[in-house]
Amino acid sequence: MIQRPRGTRDILPPESRLWHAVEATAHRVFQAFGAEEIRTPTFEHTELFVRSVGETTDIVHKEMYTFADRKGRSLTLRPEGTAGVARAFLENALQDRPLPLRLYYMGPMFRYERMQKGRFREFRQIGLEILGAASPLADAECLLVLFEFFQALGFQDLVVHLNNLGDPPDRAALGHCLREFFTPHAAQLCSDCQRRLEENPLRVLDCKVPSCQELAHRAPTVEAVAGEASKAHVAEVEELLRRLDIPYQRNPRLVRGLDYYVRTVFEVVAPQWGPSTVICGGGRYDRLLADLGGPDLPGVGFAVGEDRLVEILPESFRNAVFGEARLQLVPLGGASAAALELARKLVRQGVPVDVEVGGRSLKAALKRADKLRRRWVAILGEEELAQRVVSLRDLTEGAQRLVPWEQLAQALAGGQNREPARHQGTGSQH
Ligand code: HAM
């Protein structure tokens, strides 16, 4: 049998309901803050990612799905969303619209990563980019939108890790300091970091190999070389976060794995999964549009890893999603066509219905309802049909009564499933 490729997943019902609910929440919250959805291609010219994410990053160096099309052009499945949004912004001259522009997106991204928990080769991101605003207010707004999104999902314990990456000259100065610091210890670095030391010493700070991490912990931080402008910018972001009661902590080691950032960078870590499981990353990228040949316009944004987010959704959100009351309608004898008519009527009134179209006996239908943890089963036999009623059985109470069709929606209003079923996540292949 053919199996799915390593690192991909099938998102199956009922788990897919959680994904849908998370995405619906993102649409609602992001739009409420004035953002509009943008959809960009899942593959782009390879050059776009090399120039924006950066040639010396792990993503470009070893994680991209790059292929030649039939005409020999080099294309890459997008490893992240910001580069495509920036490209689309420039290609469609969105700078001519009133700025800043708030654009959000959701969809699959692709990275050829080593497999481990919470890491996939095809994964989904939900992201927001604010283009054309240089002020620290825009950074704070990004985090505000993010935390309103988290709050709407029921999260209460998430903390932002924040750092200042400085402006480009600061980054160059830091690169110099780091090279001086690491060179005497080069033998202790992994082979990747020995290369990074030559190409872009900042990337050594991001390495996950313990001996490199141990050295990185003693290395000079960006703050030591950052100029006044970036320091003042990030201080203002922090001030705004305090005003907004958004919990954050300064993390001077945070450098992020993409090259386009300046000044503010941040990540949100899921406490359940230890310090290396990041559910959201973002920051400011004031040079990106210009580096891609566009106008000198700033940007700031974030992307949430939806696969990781769904895995750790608070119980309250899962219960609300899985607890939705759904009527199971069981026709008996010659009532099948009438059951479909009744189902249409109920759905138009906003009552979700499952009609028993499998021809099950009443006993088998009740067994199925029990398995699905349904609360309500409506039985429509020929007698009920004649009286335009159903026998409504409440599986929680074990009670049954006759309810006229017109009163069914009302009878079910506010009802919940008996107890929300706990569903297993769809795992990745390891
Ligand atoms: P990133 O940190 O590379 O940033 O990715 C953002 C989030 O995507 C991560 O925090 C993580 O939750 C999720 N993620 C990344 N790789 C994987 C994977 N292999 N499997 C599962 N989840 C993953 C960016 O992509 C930037 N474009 C974010 C940004 C937007 N910066 C400014 N605007």
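**Ligand contacts and helix packing in a predicted model**

Good morning. A nitrogen atom of the ligand lies 2.5 Å from an N or O atom in the side chain of Glu 80. That pair is a polar contact, meaning N or O atoms within 3.5 Å; within protein, one must be able to donate a hydrogen and the other to accept it, and residues adjacent in sequence count only if both atoms are side-chain atoms.

This is a predicted model, in which local features need pLDDT of at least 70 and side-chain atom pairs count only at pLDDT 80 or more, while totals for chains, interfaces and linings use all residues. Residues are numbered from 1 along each chain as its sequence is written, and side-chain values use heavy atoms, with hydrogens and water left out.

Let me stay with the ligand. Of the 27 residues around the ligand (a heavy atom within 4 Å), those that come nearest are Glu 80, Glu 113, Phe 120, Tyr 261 and Val 278. The backbone takes part as well: an N or O atom of the Ile 279 backbone is 3.4 Å from an oxygen atom of the ligand, and a backbone N or O atom of Gly 305 is 3.4 Å from an oxygen atom of the ligand.

I turn now to the helices, which are DSSP runs (H or I, at least four residues) numbered from the N terminus. Which residues of H1 meet H5? They are Val 22, Thr 25, Ala 26, Arg 28, Val 29 and Phe 30, and their partners in H5 are Val 145, Glu 148, Phe 149 and Ala 152; contact here means heavy atoms within 4.5 Å.

The axes of H1 (residues 15-32) and H5 (residues 136-152) come within 10 Å and cross at roughly 140 degrees. H1 and H5 are therefore oblique to each other.

H1 also packs against H12 (residues 315-322), at an angle of about 110 degrees and with the axes 10 Å apart. These two helices are therefore roughly perpendicular, a term for angles of 65 to 115 degrees; under 35 is roughly parallel, over 145 roughly antiparallel, and the rest oblique. On the H1 side, the residues include Val 22 and Thr 25, and on the H12 side they include Phe 317 and Phe 322.

Finally, H6 (residues 168-182) and H7 (residues 191-199) pack at about 135 degrees, with axes 9 Å apart. Leu 178, Arg 179 and Phe 182 of H6 make the contact with Leu 197, Glu 198 and Glu 199 of H7. Thank you.

Notes. Axes fitted to C-alpha atoms, helices over the stretch in contact; angles between N-to-C directions.
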